[in-house]
Number of protein chains: 2
Amino acid sequence: MTIQISAFRWVPEMAHGYVKDLRLRWALGEAGLPFEVVLIDHGSGGSYLAWQPFGQVPAYRDDEVEMFETGAILLHLAERSPALAPTEPQGRAQVASWVLAALNSIETFAQVFINGDDGDFAQRMREVLHQRLGQLSEALGDKDWLVGRFSVADIAMVMVLRELVDSGVLARYPRLDALRQRGEARPAFKAALADQLAVFAAHKPGD
Amino acid sequence: MTIQISAFRWVPEMAHGYVKDLRLRWALGEAGLPFEVVLIDHGSGGSYLAWQPFGQVPAYRDDEVEMFETGAILLHLAERSPALAPTEPQGRAQVASWVLAALNSIETFAQVFINGDDGDFAQRMREVLHQRLGQLSEALGDKDWLVGRFSVADIAMVMVLRELVDSGVLARYPRLDALRQRGEARPAFKAALADQLAVFAAHKPGD
């Protein structure tokens, strides 16, 4: 069977270009793996919950597995395609470490810059984020990509760093902003973004 | 070489029994894999950052790989031991999905109950958490463990659910509280908890 991923038919405009099916569209494009998109309505329950228990996107299936959670799916795709990760054990382990780091050690805090208020809790999370971004910049150093070559770790991290552009935060970390720009310059990213936006344009409410 | 994991020599008492090396101690105990603990000071920088870029614990190394991020390490251990995950592809994919779900779709929001304030942002995150816990309870259903048999997915989820006991939140979800109790009743969990607490007791400041 052709790989299937789920995506929302439409979301409010501020989320266009940020919904997480974009991460899989990009990875699948890099790998040259054909796929179909299963469109669902935001807030879907019912039978969709058997595929994605929280009603979120993306969920994924191929001829062997059915799964959910973007990070888990990125690591699964990395096992399927040498375009998405090194094949030796240490390279794979570092890719997995950085995918989890992007989602757990950076994005959790980055979300506060998009959605947070001025309360003490949000302020403390912003302070942690700045510390982490400084450490991430040090770890990246002069490398083009997190593990030295392009991988799903960069897909995860670039997608998280993109969330920090509008707030002006990312501009304070030139190496990280350059990583983000290298990612966004890749043809597979551009195609994935255009494809997500085309779905929303085609399903605008009221049209 | 023997597996090594890093852990803090000491942390303030409120974190005893919750620092994330506990998750690896538990998994390694379930797998029967011998390991050494490398103790570091909280706030360590310097050469430790080459092993764990954010100065956090745990980091991990074995004879083949060196890595960080608890979720990534749990998935690595699951590949090494049939005690920690099914060996067929669909079972492995579901384990990976649930490990990521515990850390990204539940713990991110659970942390607000421990550290959050009364601001709008924290309140919204609490509402999302309640929705997610309801969905998690539905997905677990009458199963004893998330993928039907014990796996690292349960280690990740039980460790996250434990964080919700003191606030009284977990008691509102009987199936999830029962999952938490089944996890905490396992001998490998009890041994791991005792081992973490023994380290802190032995390194109490001022002793």
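Contacts, salt bridges and a sheet

Reader: What joins the side chains of A:Asp62 and A:Tyr60?

Author: A polar contact of 2.7 Å. The term covers a pair of N or O atoms within 3.5 Å; within protein, one must be able to donate a hydrogen and the other to accept it, and residues adjacent in sequence count only if both atoms are side-chain atoms. This is a predicted model, where local features need pLDDT of at least 70, side-chain atom pairs count only at pLDDT 80 or more, and totals for chains, interfaces and linings use all residues. Residues are numbered from 1 along each chain as its sequence is written, chains are lettered from A and ligands numbered from 1 in the order in which they are written, and side-chain values use heavy atoms, with hydrogens and water left out.

Reader: Is A:Asp62 buried or exposed?

Author: A:Asp62 is buried, at 6% relative accessibility. Buried means under 20% relative accessible area, exposed over 50%, and partly exposed in between (1.4 Å probe, protein chains only). The side chain of A:Asp62 also makes a polar contact of 2.8 Å with that of A:His76.

Reader: Switching topic. How many salt bridges are there over all chains?

Author: The count comes to 24. A salt bridge is a side-chain nitrogen of Lys or Arg within 4 Å of a carboxyl oxygen of Asp or Glu. One of them is between B:Arg186 and B:Glu30, with the closest N and O atoms 2.7 Å apart.

Reader: Which parts does that pair tie together?

Author: B:Arg186 lies in the loop between helix 6 (174-184) and helix 7 (187-202) of chain B, and B:Glu30 in helix 1 (residues 21-31) of chain B, so the pair links parts 156 residues apart in sequence. B:Arg186 is partly exposed at 22%, while B:Glu30 is buried at 18%.

Reader: And the sheet in chain B, what order do the strands have?

Author: The order is 2-1-3-4, in an open sheet of four strands with mixed pairing. Two strands pair if DSSP finds at least two bridges between them.

Reader: Which strands stand at the edges?

Author: Strand 2 (35-40) and strand 4 (66-68) of chain B; each has a single partner strand, so one side of each lacks a neighbour in the sheet.

Reader: How do strand 1 and strand 3 of chain B run?

Author: Antiparallel, with two bridges joining strand 1 (residues 3-8) to strand 3 (residues 59-61). In strand 3 of chain B, B:Tyr60 is the bridge partner of B:Ile5.
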